[in-house]
Amino acid sequence: RYYVVTCFRVVRYDAASRSVIWEAWFSGPRNREQEDTMFATLMLFGQSHALSHQGVLTGVFQSEDAPDMTEITQYLPDTLYPDRHIPLDAYKSLEAEIDYVTSDGCAYGRAMKPNICEWGFGATVNSIVKPFMHAIKYGYCLDDPVGFLKYNCSTWTSLFAPLARNAFPAGTYDFSLKAHVNDSSDCARVFTEPITYNKEGQPEFFFHKDYEACVSMYSFSKHGAAILPESHEQIGFFPSVSLILQYALRLSPTQEARAAAEQKAMYWPKDAPILGVHFRAGDACLEDEITLGRRCDDFDTYMDKVDEVASKYNISHIYLATDSDEVIETLHKYSNYTFHFIASVGRGGLRNKIPIDDLLHSGRVDGCKEASDALMDLHFLAQTDAFVGKFSSNIDRVAYNLMFARTRSYHPVVSLDNEWCFDFGVKSRENGVSKTNTELYFC
């Protein structure tokens, strides 16, 4: 038995009979923080503080009306704050498992230090998800990823918290769903191979057959839920990717300090909902559509969807992440909205003429500054309440994953092009396939 909170309705649910045996309605909380406080208080009644997979993960979390993000380009529920998909104790249990795998006390007797596969920043952070899945599924201790070169920060902890910094220091990991110890693959080696780059600045191992085999081993489009660690099977594919990204991408102390300063500088609203918008111009309008499956739309096209979402949920504040200096100069045209953005983020200039990957490889932009800027946009997009962007962008997909992980809910979202996907290193995205282009895209 466990408690589920849906909005302000509290339900005691018997997992064995799948029936409600007690319920009550509450009013009062009006935001996520108050609701979390109410939920934590109610959990004290009849719930143990032990984080047991066996006890917590018996529930069915995928409710009938939960969206399948791999099949839709927009999700606009009736309320801005929809029901939580993962109960709080289940979330703590899953996080405690990652805590154990990444802790100094991990006793599996074998470890992985994943190599970062650098492309654009969104793809770069997505590159560590499959190694994480492998470590959790087969029982490897995880050390901080390595390999920043184009994003020339000195170490992982220049941008992100050490993996060994526990999310729930007081939690205990229950081994009732322990990892499989029989790993017949060679993927622990493949995911930790030394990184070399070719003259175009592309990671050479990305094109190796053994790397292709290992990323394909964790391709949901090929194998379905069988790719998931056993403890993640009941929450599903999208939530699993979301929780791994949330854990891995926690800010370092330096980046936390920058985020606090930027939040204050842009007058982030404290008690009003905010809509996240990612408008990418610059090199996105230079890159080959056949390769990446993108199209270049003007800002008014985005704002048409912004108007639709904002009017439905009564939102007047917008956080804008963009590489376009020109768009920043036109925001006064949309006087019915208050825009928030980071003034110090690099925009325009060479980014309008040369793909960012080439600029990074040639050293014509500061890679670590670019990484920090992108991380700030990810951080603040994840703090918003609804989102408009394009799921052809890794940044947008990661941002929506982090939004979900923050509240354990599917927030309102509109993608102007593709459905959400995650399949790093595998061409499995069908958007754009036509008579003239039969090749799948990387996702």
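Select H16 (residues 394–407). H16 lies across E4, E7, E10 and E11, running at about 170° to E10. Helices (H or I, at least four residues) and strands (E, at least two) are DSSP runs, numbered from the N terminus. Contact means heavy atoms within 4.5 Å. Axes are lines fitted to C-alpha atoms, for helices over the stretch in contact, and angles run from 0 to 180 degrees between N-to-C directions.

This is a predicted model: local features need pLDDT of at least 70, side-chain atom pairs pLDDT 80 or more, while totals for chains, interfaces and linings use all residues. Numbering starts from 1 along each chain as its sequence is written, and side-chain values use heavy atoms, without hydrogens and water.

Show the contact: Leu378, Leu381 and Ala382 of H15 meet H16 residues including Ile395, Val398 and Arg406.

Next, colour the sheet. Its 6 strands form an open sheet with mixed pairing, in the order E4-E11-E10-E7-E8-E9. Strands pair if DSSP finds at least two bridges between them. E4 (74–75) and E9 (338–340) are the edge strands. Zoom to E8 (residues 317–322), which runs parallel to E9 and is joined to E9 by 3 bridges. Isoleucine 318 stands opposite phenylalanine 339 in E9.

Then select H12 (residues 299–313). H12 also lies across sheet strands, among them E8 and E9, and runs at about 160° to E7.
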